[in-house]
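This report covers helix ends, helix packing and aromatic side chains. The sequence and structure come first.

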Amino acid sequence: MNTKIRKLENFHILLWLLKDICWVTLSKSLGVFMILPTLGLAIYITYIHRQDKTELAHNLSICFWIAANSTWMIGEFYFDDSLRNPSILFFLIGLAIILMYYIPLFFKKKNIEEKSNS
């Protein structure tokens, strides 16, 4: 893996942790502010990996996970925790993306194993 990309991914973890620390410490303004660099870098990393199906699927799921967490956080901060349903939608989209990647791999592996046993 490219060292530059790996450094971006590691920095992204720092941003994500800072956003979530703001959430649990109820630092509303900073927490909401941290959504932009955290999600922005996740989208950029996804764009960099767009040619690799494995990386694309995982990074798209991460983008939706961050969107879900961010929506949930904003709901807790400003909307009496009423944004859980939109959060669930983002989580489900991320899950669907990752399942669309893994389910065909599972069946492909199963078919290869069946052919080799016959």
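## Start and end of α3

D52 caps the N-terminal end of α3, with a side-chain oxygen 3.0 Å from the backbone nitrogen of T54. A polar contact is a pair of N or O atoms within 3.5 Å; within protein, one must be able to donate a hydrogen and the other to accept it, and residues adjacent in sequence count only if both atoms are side-chain atoms. Just after α3, D80 takes a positive phi of about 50°. Helices are DSSP runs (H or I, at least four residues), numbered from the N terminus.

The model is predicted: local features need pLDDT of at least 70, side-chain atom pairs count only at pLDDT 80 or more, and totals for chains, interfaces and linings use all residues. Residues are numbered from 1 along each chain as its sequence is written, and side-chain values use heavy atoms, with hydrogens and water left out.

## Helix lengths

The 26 residues of α3 should span 38 Å at 1.5 Å a residue, and the end C-alpha atoms are 37 Å apart, which agrees. The expected span is 1.5 Å times one less than the number of residues. Helix α2, residues 28-48, has 21 residues and reaches 31 Å from its first C-alpha to its last, close to the expected 30 Å.

In α2 the buried residues are G31, M34, I35, T38, L41, A42, I45 and T46. Buried means under 20% relative accessible area, exposed over 50%, and partly exposed in between (1.4 Å probe, protein chains only). The cover over these residues includes α1 (3-24) and α3 (53-78). An α-helix has 3.6 residues a turn, so residues three or four places apart point the same way.

I62 lies in helix α3 and is partly exposed, with a relative accessible area of 26%. Leaving aside residues up to four places away in sequence, I62 touches H12 and W16, where contact means heavy atoms within 4.5 Å. The C-alpha atoms of I62 and L39 are 9.0 Å apart, although 23 residues separate them along the chain.

## Aromatic side chains

The structure holds six aromatic pairs. In one of them, the rings of F77 and Y78 have centres 6.1 Å apart and planes at 85°, so the pair is edge-to-face. Rings of Phe, Tyr and Trp (its six-membered ring) pair if their centres lie within 6.5 Å; planes under 30 degrees apart count as stacked, over 60 as edge-to-face and the rest as tilted. F77 is buried at 6% relative accessible area, whereas Y78 is partly exposed at 44%.

Y101 and Y102 also form an edge-to-face pair, 4.9 Å centre to centre with 85° between the planes.

Methods. Helices (H or I, at least four residues) and strands (E, at least two) are DSSP runs, numbered from the N terminus.
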